[in-house]
Amino acid sequence: MENIIRLTPPLSEETVASLKSGDRVLITGTIYTGRDAAHKRLVDLLEKGEALPIPLKGEIIYFVGPTPAKPGKAIGSAGPTTSYRMDSYSPRLLAEGLKGMIGKGGRSLEVREAIKKHHGIYFAATGGAGALLAQRIKKAEVVAYEDLGPEAIRRIEVEDFPVVVINDIHGNDLYEQGVIPYKR
Amino acid sequence: MREINISEVVKTVSRLCVDANCNLGADMFRALDRAAAIEESPTGKDGIAQLKENAEIAIRDQVPICQDTGLAVIFAELGQEVRIVGGNLEEAINEGVRQGYLEGYLRKSACHPFTRANTGDNTPAIIHYSLVAGDALKLTVAPKGGGSENMSKVVMLKPADGIAGIKEQVVEWVRQAGGNPCPPTIVGVGIGGNFERSALLAKEALLREVGSVNPDSELQVLEDELMEAINNLGVGPQGLGGRVTSFAVHVKMQPCHIASLPLAINIQCHAARHKEAVL
């Protein structure tokens, strides 16, 4: 298995450019959660030219809607949600400086082009491993859109959060390339 | 007439919601072990190992297997010699969902289709009633996540499409779904009936124990052929390539109209959650 790369956001241009499809990465530091409804609100604000409730430059958004935290826990189960639902919003956020996205499942051609153009990176975390991944989340705080409940934007502190690079700035796609050797 | 008080229904549904979401069935643990043994891709093996460890953590800490604790799908099989007392059965089931999702720290995932405003308590549940012989009420709670549910469809084939057409549709659909439904998956296939019945057959097919034999030998052959074709796609665990794209294909079938060949495909991720109780 390849070497494991350790990253701490915000991500620099150089860091993003060095990542390749298939790289295994452990993220430590602050990232933001957001899924369907939060993405819509962020893009609506950008359309109106208004300020966003979270910084985007160099940041990573994790597509997740966690379960409520049990007493004494930072967060409930928190695995990735399917990314294609964010496809209509991601290019706009990448244009505004967002660098990383964590989700699961393939992205549209438009998103892959935007990743190349704006030098972003798309990671996948293990879908269905929400209880396991929650152990790597040390703190969580709602920072916007509390009314959205599970869809609110949370600032979370992660430690050695395991992801794999799917789409890099060179146009590679691990979903397409990974399947080839096993197809019969 | 045997009487069943709705308070029993509320309590039971609430308990089953939490039980189903935290405690993966023994059949799925066996399926994960079988998948780990035959998977060739190192990434795939790792993905399967993570899902098993995840399910063990969920049981140990009594936390949800997956953050998507689903819409609560409930099958209520009501014996015709039962009288429900103390209130309305449907309200009792929804109250059980409300309590279970609140007390079990489960995610509330029900929302208004247009505004997306969350209903706040994961109701209304999706309830399928059937009236059966006897004096018992059987309740099955099967929370269903959105990621795998989105990778589902109904298609009205022509009778001329036959079994070959069914196979082509199912395999191509699983290929297109790729990593979206968190493979390895269970593929529920409903054949026949009409438009809505085919979808229900596909959903019911998901409730069968994984690793069990189809009681209809003709359908067992179809399941075996579909499994082979699906696992030859190479989609693999998490869609990252590998031998195991699906743990199982389950087919249910019933007669259909002479003009039709309805086919429904309902995809289920490894979190194949369903728990039942008989009152």
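1. Two residues are in contact if their C-beta atoms, placed from the backbone, lie within 7 Å. By this criterion, and leaving aside neighbours within four places in sequence, B:Val13 is in contact with B:Ile74, B:Ile93, B:Gly96, B:Val97, B:Gly100, B:Leu139 and B:Val141.

2. This is a predicted model, in which local features need pLDDT of at least 70 and side-chain atom pairs count only at pLDDT 80 or more, while totals for chains, interfaces and linings use all residues. Residues are numbered from 1 along each chain as its sequence is written, and chains are lettered from A and ligands numbered from 1 in the order in which they are written.

3. Chain A contains six helices and seven strands (DSSP runs numbered from the N terminus: helices are H or I of at least four residues, strands E of at least two). Along the sequence these follow the pattern β-α-β-α-β-α-β-α-β-α-β-β-α. The radius of gyration of chain A, taken over C-alpha atoms, is 16 Å, close to the 16 Å that the globule rule (2.2 Å times the number of residues to the power 0.38) gives for 184 residues, so chain A is as compact as a globular protein of that length.

4. Chain B has eight helices and ten strands. Its radius of gyration is 19 Å, close to the 19 Å given by the globule rule for 279 residues, so chain B is as compact as a globular protein of that length. Its C-alpha atoms fill a box of roughly 55 × 50 × 40 Å along the principal axes.

5. A residue is buried if 20 or more other C-beta atoms, placed from the backbone, lie within 10 Å of its own. Buried residues form 48% of the 184 residues of chain A and 50% of the 279 residues of chain B.

6. At the interface, 36 residues of chain A are in contact with 42 residues of chain B. On the side of chain A that touches chain B, α5 (130-134) and α6 (174-179) each supply at least two residues, and α6(A) gives the most, with four residues.

Key
Buried ≥ 20, exposed ≤ 12 C-beta atoms within 10 Å, placed from the backbone.
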